[in-house]
Amino acid sequence: MVQTSVPTAEDHSSSAQSNYGDALARWCVYALGAFAIVNQGLDISVLSGLGNLWGTIAIACLAVIALVRVAYGLRRQGFRWSRYAGWYILYCATLILYGLKHPLLAFNGFSVDVEYIVIALLLPWVVESRDVPRLLYGVIAVSMLLGVDGVFQYAIKVPIPDTWLDVGEVVRTRVFSVMKSPAELGANLEMTIPMMFGLFAVDRHPARRFVYIAGGMCSLAALFFTYDRGSWLGLGAAVLIVAVVYERRVLPILLVLGVIAFFIPSIHMRVMDLFNPVYAVKSSAGGRMLLWQQAFDTMAKNPLFGAGLGQYGGYVATSHSLSSFSDNYYAKVLGETGLVGLVLFMAMHVAILREIATSVVRRAKGRNRWLALAGLTSVLAILIHSFVENLFEYNYTASLYFVIVGLILLWGRTLPESSAEMPGRKRGTLK
């Protein structure tokens, strides 16, 4: 005779712990993953005053949900990279005391540097494994809409400032969707395009597969129409590195695509401009090379601890006329927080890459492996692109980056050692 178990009060308590604030947590994650569209929606509505606050409110809601769940006994395992994030956050908090002569600058600089890291740190306590697939789909669907909007902007030849073009450059337009620059849109797309094709490989539902491939192609076109070399570099280099390390079978395909892309006139012109002596002179005199040198010079005045939070290279320093943007987030971290800060920041992201590689890619089998590799590519693309842009200064990019990091790692925890389909789903029923 098979015995059946009767739910106990303890079982109901455990369920209540994990279900507390479940719907609110999901909507907060959706909103943070769709930061650009939510922000734009608020800006054109009667709630425009929330434009600078709603992200912080959403993160605070996640923190309260996590704290209440823990207080009621919920036990979850954090990410392995969390300890590196903890050291970086603790170091930045210490720098607030170092910057007491300018407390507002220091606090604002701290907020910009660490606020969105908290999203990923909280996700294990606020997201249930059953919700991870639909959260991924929702976040990626938003980027598909941005890709479609980018193609539409190109079609109508949206006006752009002259400063977005190199001297003598002629293009139809550069798309940016609802963001402030092509670089921001490019960062969003280079992070989500691999996920679109990864989901296409994993999902077996015909309608959704069509959406993934159509959205992916539109997003690729929009990425091309940004004419943002940093985004092209980030995605191209990330795909190549992941292919070399994990999937060398696709290298011939990448080689053919790369050769074809190089001989597209607009791409060829943008790439070859980098090797133009005039570009090198301009960059050294007032462009990125000069800015990177300034970051080193700023750090050299206090090599270990830098100029202090909010004092150099980013949004806070620029808004107070203390410096210009460094156009390299690592240079910004170096100038602002010194060698110690840069080492801790780099250690955190290396730990993220290592955890995705060991906990997700290594465990994923069959079709799931493509989504795992897509997640690794997405993260790597942003880290490479950050060498030429202050990407983590963009709340759109920082929020999406840490949402994807957290969701990919949580998805990896649901993978059995040998699986060919999404966990817990029958073939063709992925929802």
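**Figure 1. Helices H9 and H19 make a left-handed crossing**. The model shown here, as in the other views, is predicted. The two helices are H9, residues 182-202, and H19, residues 395-413. Their axes come within 9 Å and cross at roughly 15 degrees. Angles under 35 degrees count as roughly parallel, so H9 is roughly parallel to H19. On the H9 side, the contact is made by Glu184, Ala187, Asn188, Met191, Thr192 and Met195. On the H19 side, Tyr396, Thr397, Leu400, Tyr401, Ile404 and Ile408 take part. Sorted by type, the residues of this contact are eight nonpolar, three polar and one charged.

**Figure 2. Thr397 lies in helix H19**. Is this residue, Thr397, buried or exposed? Thr397 has a relative accessible area of 2%; buried means under 20%, so Thr397 is buried. Apart from neighbours within four places in sequence, Thr397 is in contact with Glu184, Ala187, Met191, Ile382 and Leu391. Among these, Glu184, Ala187 and Met191 also belong to the H9 side of the contact between H9 and H19.

**Figure 3. Helices H15 and H17 come within 8 Å of each other, axis to axis**. H15 covers residues 288-300 and H17 covers residues 329-361. Their axes cross at roughly 5 degrees, and the two helices are therefore roughly parallel to each other. From H15, the residues Trp292, Ala295, Thr298 and Met299 meet Ala331, Leu334, Gly335, Gly338 and Leu339 of H17. The residues of this contact divide into six nonpolar and three polar, with no charged residue.

**Figure 4. Confidence in the protein is lowest in helix H1 and highest in helix H18**. The mean pLDDT is 49 in H1 (residues 9-19) and 97 in H18 (residues 368-385). Over the protein, pLDDT averages 87, and 88% of the residues score at least 70.

**Figure 5. In residues 1-14 and in residues 418-431, pLDDT stays under 50**. How many contacts beyond four places in sequence does the model have for residues 1-14? For residues 1-14 the model has two such contacts. For residues 418-431 the model has 38 contacts beyond four places in sequence. Where pLDDT is low, the predicted coordinates should not be read in detail.

Methods: Residues numbered from 1 in each chain as written. Predicted model: local features only at pLDDT ≥ 70, side-chain atom pairs only at ≥ 80, totals over all residues. Heavy atoms only, no water. Axes fitted to C-alpha atoms, helices over the stretch in contact; angles between N-to-C directions. Helix = DSSP H or I, 4+ residues; strand = E, 2+ residues; numbered from the N terminus. Parallel < 35°, antiparallel > 145°, perpendicular 65-115°, else oblique. Left-handed = near helix turned anticlockwise from the far one by under 90°. Contact = heavy atoms within 4.5 Å. Nonpolar A, V, L, I, M, F, W, Y, C, P; charged D, E, K, R; others polar. pLDDT = per-residue confidence, 0-100. Buried < 20%, exposed > 50% of the residue type's maximum accessible area, 1.4 Å probe, protein only.
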